[in-house]
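Me: Hi! Could you walk me through this one with me?

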Amino acid sequence: MSETPRFYIFHGDDEFNLSKTVNKMRADMAEIDSAGLNTAEFDGPDTTAADVLSAVSAFPFLADRRLVIVKGLIAHITRKGAGETGKKQVNRLLDDLPHLPEWARLVFVERQKVPANSKLLKLAQSDPGGFEKTFAAPKDLTSWLMQHAKAEYETVLEPAGAYAISSVVQGDLRRADNELLKLASYTGGEPITEETVALLTPYTSETRIWDMIDAMAAGRGDQAMTMLHQVLAEPDQDGFRVWALFVRQFRLMLLAKEHLESGGTTATLPDAIGIKSFQARKLPGQVHPFSLENLENIYRKLLEYDTQVKTGQMSIELALDVLVANVAR
């Protein structure tokens, strides 16, 4: 029978799942009547190894375990500049962690991955009373979203819908989960589509950028400008993010146009420009109104405006206005 861990190192940049795991430990502890007397939390920069070890080693009151959560202590005592004081704290932990009492549940929470050569990490991996888990943010957010929708909300999230969510949450898994909860509640078990995401998600999605580009291509400058300012007026909206989406979309359009005019097909387009098939499905229709020369000129203008923004010659809002006005002419 394996030994119950007495100290844990949870680390990595997946803050959502890391926090979910720690919250589960808090919830399990809360089932004990005296949980409040047997639970403590510390911030690494404001505490010491000695304080943490003392707290977790104290005999629990009317309970079988004591939970202590400490955030950022390892990063703090191993940081550059921690000096001799940091080394002493590391050594104190290395000496004492293998001898924690059986009731101890000491959880180190680190928001970045602890280096593989860390002595504390190696101890957690090798000691019978230690436990280590890395929480890494998913490399493919669209796949994670589809899996999470199925596992957590028993809902099918279509690939295009997953891509739409991933394009607006920018890797924030907590925000992604909140959006999925809202969307799953709205659809009531029906599949979540790209159209549903566009309807309910208040952030700028690539769908909105596509609509603006379609209006610009058709010469509907006033409509495109109205849509742009509606997007910029949304709470917490960032003009730089809208700009980045424009740059990315026109780059894909230029690559798609070059591929199609050189004899490529819509079937080979995704592999040719390095995107998913559902991402590519709208590109042939979107690039049709533009000539290759048009797209090359627009992309050069984007780079020119980008330089002017970065050198303080133009605000991002003005750059967006000028872009929309020029393309829609």
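Me: How many aromatic pairs does the structure hold?
Reply: The structure holds 8 aromatic pairs, where rings of Phe, Tyr and Trp (its six-membered ring) pair if their centres lie within 6.5 Å, with planes under 30 degrees apart counted as stacked, over 60 as edge-to-face and the rest as tilted. This is a predicted model, where local features need pLDDT of at least 70, side-chain atom pairs count only at pLDDT 80 or more, and totals for chains, interfaces and linings use all residues. Residues are numbered from 1 along each chain as its sequence is written, and side-chain values use heavy atoms, leaving out hydrogens and water.

Me: Nice. Why is the pair of Tyr 8 and Phe 10 tilted?
Reply: Their planes sit at 50°, with the ring centres 5.7 Å apart, so the pair counts as tilted.

Me: Are those two buried or exposed?
Reply: Tyr 8 is buried at a relative accessible area of 10%, and Phe 10 is buried at 3%; buried means under 20%, exposed over 50%, and partly exposed in between (1.4 Å probe, protein chains only).

Me: And what about Phe 59 and Trp 103?
Reply: That pair is edge-to-face, 4.9 Å centre to centre with 75° between the planes. Phe 59 lies in the loop between helix H2 (49-57) and strand S3 (66-71), and Trp 103 in the loop between helix H4 (83-96) and strand S4 (104-110), so the pair ties together parts 44 residues apart in sequence. Helices (H or I, at least four residues) and strands (E, at least two) are DSSP runs, numbered from the N terminus.

Me: Which residues do ring pairs link into a cluster?
Reply: Tyr 8, Phe 10, Phe 131 and Phe 135.
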